[in-house]
Amino acid sequence: MSPPKLEVRNVSKSYGRGGGDAIRVVDGLDLAVPDLEFLAILGPSGCGKSTLLRLIDGLVPPDSGAILLDGRDVTGTVGGEGRGMVFQSFDLFPWRTTLGNVEFGLEAQSVSRAERRDIAQHYIDMVGLGGFEAAYPHELSGGMQQRVGLARALAIKPNILLMDEPFGALDVQTRDILQDELLRIWNQERKTVLFVTHSIEEALYLADRVAVITPRPARVDRLIPVPFGRPRGEDVKADPAFVDLRQTIWHTLKAGVRV
Ligand code: ADP
């Protein structure tokens with residue numbers, strides 16, 4: 001049997017505080033994600049979701065445990081190895097155009113200039129930004145900037161896409177539009193996706209499974225399969241099963257939240 005696409009094995013991470021006390025942010029977390037799954041990682045703010053994604057991407061080294069991609073140990077190796085990250089803050093280079101930002105990841109790979117341009121143009125078109133190749137980030141709306149971020153992550157052809165609350169800073173309408181865009185693009189470019197969110201509705205709308213994370217320290221509390229077919233549209237949100245599942249998850253989350 002082939003190994004899962006991604007395996008997080010008994011991973012723990014603490015952050016030191018000036019006084020010496022460490023805060024345990026992730027505690028013995030286990031997670032296995034099959035190839036091509038869209039997994040939502042859902043939990044309240046501050047529970048450690050971003051840290052988990054950074055551990056998986058290698059931006060943060062774990063104190064213990066291992067991260068495996070296709071069965072290979074990639075613990076502590078930063079990015080690469082087929083991992084592409086999309087952050088909440090748009091994280092674009094302000095001095096680069098749309099084209100320059102999307103080409104960025106390809107420059108580190110030995111891709112010729114002409115090929116870089118072709119690949120970047122392909123993904124710019126895919127995210128609906130044809131015509132904005134020469135625009136700088138400050139000339140684009142938040143939603144458009146996030147499209148550039150997505151095109152940039154896709155251009156390096158990652159086989160696992162790590163998305164850290166990518167729509168969290170957007171207004172509700174833009175967020176709804178980009179959720180549909182993401183589903184459309186994912187349908188064209190099937191790959192394993194880990195999508196961090198604190199929105200139950202967003203998790204249920206997008207994902208195949210939802211990993212509900214415990215309040216800090218983070219562990220996987222429940223793994224919930226999402227029973228709705230694809231393609232999905234807005235109408236699924238009115239499905240009684242959707243409403244029930246949203247309630248069930250809400251009770252799970254509420255039980256652990258301290259305000
Ligand atoms: P979430 O993404 O679920 O909102 P985070 O992973 O960003 O949660 O943060 C979890 C906890 O870890 C928070 O209490 C945060 O303050 C702490 N934390 C995150 N990164 C650092 C860091 N680099 N140094 C110290 N504490 C951190």
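1. How many of the residues of strand 3 are buried? In this predicted model, the answer is 5 of 5, and strand 3 (residues 38-42) is mostly covered. The cover extends to both faces: Phe 38, Ala 40 and Leu 42 are buried on one side, and Leu 39 and Ile 41 are buried on the other. In a regular strand, side chains alternate between the two faces of the sheet.

2. Strand 3 has pairing partners in strand 8 and strand 9. With strand 8 it runs parallel, joined by 5 bridges, and Ala 40 stands opposite Phe 195 of that strand. With strand 9 (residues 209-213) strand 3 also runs parallel, here through 4 bridges; the bridge partner of Leu 39 in strand 9 is Arg 209.

3. An open sheet is formed by 4 strands in the order 2-1-4-5, with antiparallel pairing. Strand 2 (22-33) and strand 5 (72-73) stand at the edges of this sheet; each has a single partner strand, so one side of each is left without a neighbour in the sheet.

4. Within that sheet, strand 1 (residues 6-16) and strand 4 (residues 64-69) run antiparallel and are joined by 5 bridges. Ser 12 stands opposite Ser 64 in strand 4. Helix 1 (residues 49-57) packs on the sheet, where it touches strand 1, strand 2 and strand 4. The direction of helix 1 makes about 120° with that of strand 1.

5. Ser 199 sits in the loop between strand 8 (192-197) and helix 6 (200-206). Is Ser 199 buried or exposed? Its relative accessible area is 19%, and the cut-off for buried is under 20%, so Ser 199 counts as buried. A polar atom of the Ser 199 side chain lies 3.0 Å from the backbone nitrogen of Glu 202. Leaving aside residues up to four places away in sequence, Ser 199 touches Leu 42 and Arg 175. Leu 42 is one of the buried residues of strand 3.

6. The cavity count comes to 2 at 30 Å³ or more. The largest cavity has a volume of about 60 Å³. Its lining consists of Val 127, Gln 146, Arg 147, Leu 150, Met 163, Phe 167, Leu 178, Glu 181, Leu 182 and Ile 185. The elements that give two or more residues to this lining are helix 4 (142-155) and helix 5 (172-188). Helix 5 provides the largest share, 4 residues.

Definitions and conventions. Residues numbered from 1 in each chain as written. Predicted model: local features only at pLDDT ≥ 70, side-chain atom pairs only at ≥ 80, totals over all residues. Heavy atoms only, no water. Pairing = 2+ DSSP bridges. Contact = heavy atoms within 4.5 Å. Axes fitted to C-alpha atoms, helices over the stretch in contact; angles between N-to-C directions. Buried < 20%, exposed > 50% of the residue type's maximum accessible area, 1.4 Å probe, protein only. Polar contact = N/O pair within 3.5 Å; in protein donor to acceptor, adjacent residues only side chain to side chain. 1 Å grid on protein atoms, 1.4 Å probe; cavity = no way out; pocket = protein on both sides within 12 Å on 5 of 7 lines; lining within 4 Å. Points joined across faces, edges and corners; volume = space filled by probe spheres on them.
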